[in-house]
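Work through the exercises below with the sequence and the structure at hand. Each task is followed by a worked solution.

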Amino acid sequence: MKKIFFKALCVKVLCVFTLFCAVIIGGKLGWQKLTEIKTEKSHALLFKELERCAELVTAKTTYTDVISIKKTRIAGLAKSFSIIKYTGVIRAGISDIRQAELSVSDGGKKAKVILPPMEILSNDISSIEVFDENKSVFVEISLKDVMEEIRFNQESSSAQILETGFLEESKNQAVKIIESVLYAAGFSEVEVF
């Protein structure tokens, strides 16, 4: 009788212990689910437009410039400076080749093309490198200061490059390209202006 009572007691204790463990584990998992921080990443393509590119780049040049930015404050005691080298790329050509006028005569053997004026298509910075830098807590050179100085020098570099005949070189290259395309298309006489 004592053995049966002891077995029944052991079974009840084991059941209570198992139930207790299940409640503890379930509660812990439930608490983790309730307090879990969820991060959702979603990407929505709101607008997509396919544009036909009719741009003709006929000349490209790369230039490099070094700028120095110095700032002083507190009667010259607080000083900051940066020496920065940047590289830019200027592209010139025709922004929309569909603006060119094409006339065909002589039974489809002669072609005459009048090109729109050449223009600067882009002037992009391809790299920026800081050579030397000295920062002061009292005088700060911000990224905005650096980018403004680069933008200013970028415009002056562009003007200097234009003075060298860059757009004329671009026009000459455009004429060669259009002529070769039209000769390859079967025209025996081609004039490009």
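The model is predicted.

**Exercise 1.** Classify K110 by its relative accessible area, and then find its charged partner.

Solution. Step 1: K110 has a relative accessible area of 28%. Buried requires under 20% and exposed requires over 50%, so K110 is partly exposed.
Step 1: the side chain of K110 meets that of E189 in a salt bridge, at 3.6 Å from N to O.

**Exercise 2.** How many salt bridges does a search of the whole structure find? Describe the one formed by D124 and R91, and the one formed by D96 and R98.

Solution. Step 1: the search returns three salt bridges.
Step 1: in one of them, D124 and R91 come together at 3.8 Å, N to O.
Step 2: D96 and R98 form a salt bridge at 2.9 Å, N to O. D96 is buried, at 18%, whereas R98 is exposed, at 61%.

**Exercise 3.** Which type of aromatic pair do Y63 and Y86 form, and which strands hold them?

Solution. Step 1: the whole structure contains one aromatic pair.
Step 1: the ring centres of Y63 and Y86 are 6.3 Å apart and the ring planes stand at 90 degrees. An angle over 60 degrees counts as edge-to-face, so the pair is edge-to-face.
Step 2: strand β1 (residues 56–73) holds Y63 and strand β2 (residues 78–94) holds Y86, so the pair ties together parts 23 residues apart in sequence.
Step 3: Y63 and Y86 are both buried.

**Exercise 4.** Summarise the protein chain as a whole: what is the order of its helices and strands, and what share of its residues is buried?

Solution. Step 1: the chain has three helices and six strands, arranged along the sequence as α-β-β-β-β-β-α-α-β.
Step 1: 24% of the 193 residues count as buried.
Step 2: among contacts with a separation of 6 or more, 77% join residues 24 or more positions apart.
Step 3: the chain exposes about 14900 Å², of which carbon and sulfur atoms supply 58%.

Terms used
Residues are numbered from 1 along each chain as its sequence is written. This is a predicted model: local features need pLDDT of at least 70, side-chain atom pairs count only at pLDDT 80 or more; totals for chains, interfaces and linings use all residues. Side-chain values use heavy atoms; hydrogens and water are left out. Helices (H or I, at least four residues) and strands (E, at least two) are DSSP runs, numbered from the N terminus. Buried means under 20% relative accessible area, exposed over 50%, partly exposed in between (1.4 Å probe, protein chains only). Contact means heavy atoms within 4.5 Å. Accessible areas come from the Shrake-Rupley method with a 1.4 Å probe; for residues, only the protein chains shown count as cover. Rings of Phe, Tyr and Trp (its six-membered ring) pair if their centres lie within 6.5 Å; planes under 30 degrees apart count as stacked, over 60 as edge-to-face and the rest as tilted. A salt bridge is a side-chain nitrogen of Lys or Arg within 4 Å of a carboxyl oxygen of Asp or Glu.
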